[in-house]
Structure formats: C-alpha cells, structure tokens
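I would like to take you through one protein structure, from the whole chain down to single residues.

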Amino acid sequence: MTAAAKREPYKIIKKEWPERYARGWHVLGKADSFSAEPQMLEYFGTRLVAYRGEDDGEIHVLDAYCPHMGADLSKGCVKGNSLLCPFHAWSWGADGVCDDIPYAKKIPDKAVIKSWPTLEKNGLLFVWNDHENGEPIPEQEPSRSEDYYSGEWTDWVMNRIPIKTHCRELVDNMCDMAHFGPVHYSTVKSFSNEQDGHVFVQYMVGGHEILTEGDCPMTSVATYEGPAYMTTTMTGMMDGQPVTTHLLVSHVPVNTGEFDINFGVMMKKNPNLTDKQNQAMVDEYTQSSIESFQQDIEIWDNKVLNDNPVLCDGDGPINMVRKWYSQFYMDRDSIPARLTEHKTHITVEGPTVAEVLTQMLEKSTAA
Ligand code: FES
Ligand SMILES: [Fe+2]
C-alpha cells in the first residue's frame, strides 16, 4: 500500500469551555411576566432573583444568595424597592446595597450584593452580563422594534425551551446552510451572511414544508444584536394568506452545558380577520415553528461540540460566525479588529430577500 492511500481518521477536538459567559444583553422573558412577587432564575452558573419595585415600578435583578448566611432571596418579599431576606430579614436595595438590618446598630460595609443592569424594551426584560463587571456598552443596546409598539402586530407568544448543550451550537445555526434540507425539509434558494461590530445577520430565501405554502417562497432575515438577542423576520403563506412574523430566538445560559431559549412569535395582524382569528393564526404559527425548532434540538441532544469541524466548499461560513461570537468572551480591550470588521459571505447565490419581497408586493397590488 502506498503512503498516500493511508488515510488517518480525523480526531474531533472537544474544547473545554471555561466558566465564562458572553458579555451582552440577554432576554429573561416578557417584561409583563415579572411582578412584585420575586422570581427565581438559574442563569450564568448561579441563581438570580427578579422582582418589580413597588415604588419605582422597575424590574430589578439581584444575585439570589444572601451574603449574610446564604439564604435564597427569591423566597423573600418585596418592600418598596428593596428585597427582604426570608432568614434574618436583612433588606437589600435595588442597587444591591443592604439598607436595613432590623437588629443591628451598624450595617457592615461588605453587605453589598451584585445588582444586574436591566433593560425593558420591545416588551422584553433584558439583563446585561459582563465578566469584567462593566457598564452596558451603549452601542449594543437592542434596537427598538417599531412594529411591537405600532398596535398592528400581536403581542409576543412566548415559550421557554430548555436545551442541554453549550449555547454556541445555537449560534452556529446562523451559518449552517446545509442543515436546512435534512433537518427542516426546506429548500435553500439563496443564503448569505453579514457581520458588523456586535451584529451578525443571516439572509435566506427558500421553501418550507411547514412555514409556507405552494410556490410562495419563504424569506428570512435573522439578526443577532450581541451574543444572545436574536430576532428573525419571516414572510410566507399560511391558509392562503400572506403572513409576516417576527421570531425571537433569544438564549440565556444556565451554565456552560445548558441554556434556555426564550422563543417568541409576533405576527402582523391581518386586517381582514378578527382579533380572535389573528390570535389563532399566531398560535398555529407558534406551534409550527416550535415543531421546526424541535428538529434542531433532537440533533443537539445527540451530538458533541466539534471545535475543528471538517468543512467542505458548499458549507456556510461556520468559522466566520464562531470568530465573531468569540469577541463576547474576550476582555473588552483585547478584541482584535478582524472579529468586528464589516464582512459579507455568500454561500448560495440566488434571488435576494429584497427582490422576493418586491415581487410579492407587486403581485399583491396587481391582484
Ligand atoms: S441569610 Fe439573609 S438575612 Fe440572614
Ligand atoms: Fe435549524
């Protein structure tokens, strides 16, 4: 046998992820799902508590374990804007500073707990994670969804989906053109990606068995603003009606091997339908998109993290999205410019999303 004929089996490298979570805004749920009743949240390798202040009406997020003797503050109660520990009734302000100990003459200087920066926007509650404990980066604030505030769209229909793997698997999806056929039974007519700073976009035109009908192409523009807040705008056809939806596929890490997805759907109301009919459509669409998403989960549940994938020429730019994503795990001062510079990549050349939307508009005005 010649030396060239002997082919060594490839070894998959499974990186051990350090205990570190991406810097940026993460969605914790719909803002109106938080009240003055403290809510326990297990994220970023620890336990958090979220509650709405009685006086300021704002949602506050604190570390949940009390520095005094370790009780769980999510089992406590809200008084004004502060949270009372259930064990010895120390009171913790929204800024994390202890503001009262009912039986002490002096509050210890060390009685400070981590208070997480929060943001209420687009009907969602966001929390800022930062391994360097820095303030939120102003340019990375999620953009305002005019559609959410317009009254022409339904509210988010939200589901929380737990997944047992590292959240980079979800981010890989942005460039994984080749999985749409085998996993989602959809055909890809065009597929491209674009990155700029903290933003990464996937543009796709295709067909989909569940999410559109007939020869009406499905268009999809999926945008990450930062490491975890992802929204997708999709157009297609359902029950003979054109539909436009916004999907929220926003994850938050539980630890380095688990994450939750806050999966939301918002649909443009069809003015020819009643509110009830519109709600039925968004509910049906939500079920279909969760079914489609289950197909990804089935794969993730049974695969390993592969840090040196053998890629072929038809694959999407998996390494491009991985490099872009790695910026959020680095210290702010050490991010190389090449990770954030503007870049585009076309994997499948074909009709663009803009061209398809213009054609659809022309068709509907002609009809
Ligand atoms: S453990 Fe919280 S007040 Fe004592
Ligand atoms: Fe997928």
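This is a predicted model: local features need pLDDT of at least 70, side-chain atom pairs count only at pLDDT 80 or more; totals for chains, interfaces and linings use all residues.

The protein contains six helices and 19 strands. Its radius of gyration is 23 Å, close to the 21 Å that the globule rule gives for 367 residues, so the protein is as compact as a globular protein of that length. Along the principal axes, the C-alpha atoms fill a box of roughly 75 × 70 × 35 Å. Of the 367 residues, 33% are buried. If we take the contacts between residues at least 6 apart in sequence, 58% of them join residues at least 24 apart.

Let us turn to the domains. The protein is divided into domain 1, residues 24-140, and domain 2, residues 146-366. Their centres, taken over C-alpha atoms, are separated by 32 Å. Where the two meet, 16 residues of domain 1 are in contact with 18 residues of domain 2. Which elements give two or more residues to the side of domain 1 that touches domain 2? They are S1 and S2, and S1 provides the largest share, seven residues. By class, this side of domain 1 has five nonpolar, eight polar and three charged residues.

S2 brings us to a sheet. I remind you of a general point: strands of a sheet pair through backbone hydrogen bonds, either parallel or antiparallel. Here we have an open sheet of four strands in the order S2-S3-S4-S9, with antiparallel pairing. S2 and S9 stand at the edges, each with a single partner strand, so one side of each is left without a neighbour in the sheet.

S2 and S3 are joined by five bridges in the antiparallel sense, and Met40 stands opposite Val49 in S3. These two strands form a hairpin with two residues between them, and Phe44 in the turn has a positive phi of about 55 degrees. S3 in turn is joined to S4, residues 59-63, by five bridges, again antiparallel. Here Ala50 has Val61 of S4 as its bridge partner. The hairpin of S3 and S4 has six residues between the strands, and Gly57 takes a positive phi near 70 degrees in it. Finally, S4 and S9 pair over two bridges, also antiparallel, with Val61 opposite Trp116 in S9.

How many of the seven residues of S3 are buried? Five are, so S3 is largely enclosed by the rest of the structure.

Phe34 lies in the loop between S1 and S2. Is Phe34 buried or exposed? It counts as buried, because it has 22 C-beta neighbours inside 10 Å, and the cut-off for a buried residue is 20 or more. Leaving aside its neighbours within four places in sequence, Phe34 is in contact with Gln39, Ala50, Arg52, Ile59 and Leu125. The C-alpha atoms of Phe34 and Ala50 are separated by 7.3 Å, although the two residues are 16 apart along the chain.

The buried residues of H4 are Met281, Val282, Tyr285, Thr286 and Ser289. What covers them includes strands S12, S16, S17 and S18.

Last, I come to backbone angles. Most residues other than glycine have a negative phi. Asn133, however, has a positive phi of about 60 degrees although it is not a glycine. Asn133 lies in the loop between S11 and helix H1, and it counts as exposed because it has 7 C-beta neighbours inside 10 Å. Tyr185 also has a positive phi, near 55 degrees. Tyr185 is found in the loop between helix H3 and strand S13, and it is partly exposed, with 13 other C-beta atoms within 10 Å.

Thank you for your attention.

Terms used. Residues are numbered from 1 along each chain as its sequence is written. Chains are lettered from A and ligands numbered from 1 in the order in which they are written. A residue is buried if 20 or more other C-beta atoms lie within 10 Å of its own, exposed if 12 or fewer, and partly exposed in between; C-beta atoms are placed from the backbone. Two residues are in contact if their C-beta atoms, placed from the backbone, lie within 7 Å. Domain bounds come from an automatic or database domain assignment. Ala, Val, Leu, Ile, Met, Phe, Trp, Tyr, Cys and Pro count as nonpolar, Asp, Glu, Lys and Arg as charged, and the others, Gly among them, as polar. The radius of gyration is taken over C-alpha atoms; the globule rule is 2.2 Å times the number of residues to the power 0.38. Two strands pair if DSSP finds at least two bridges between them.
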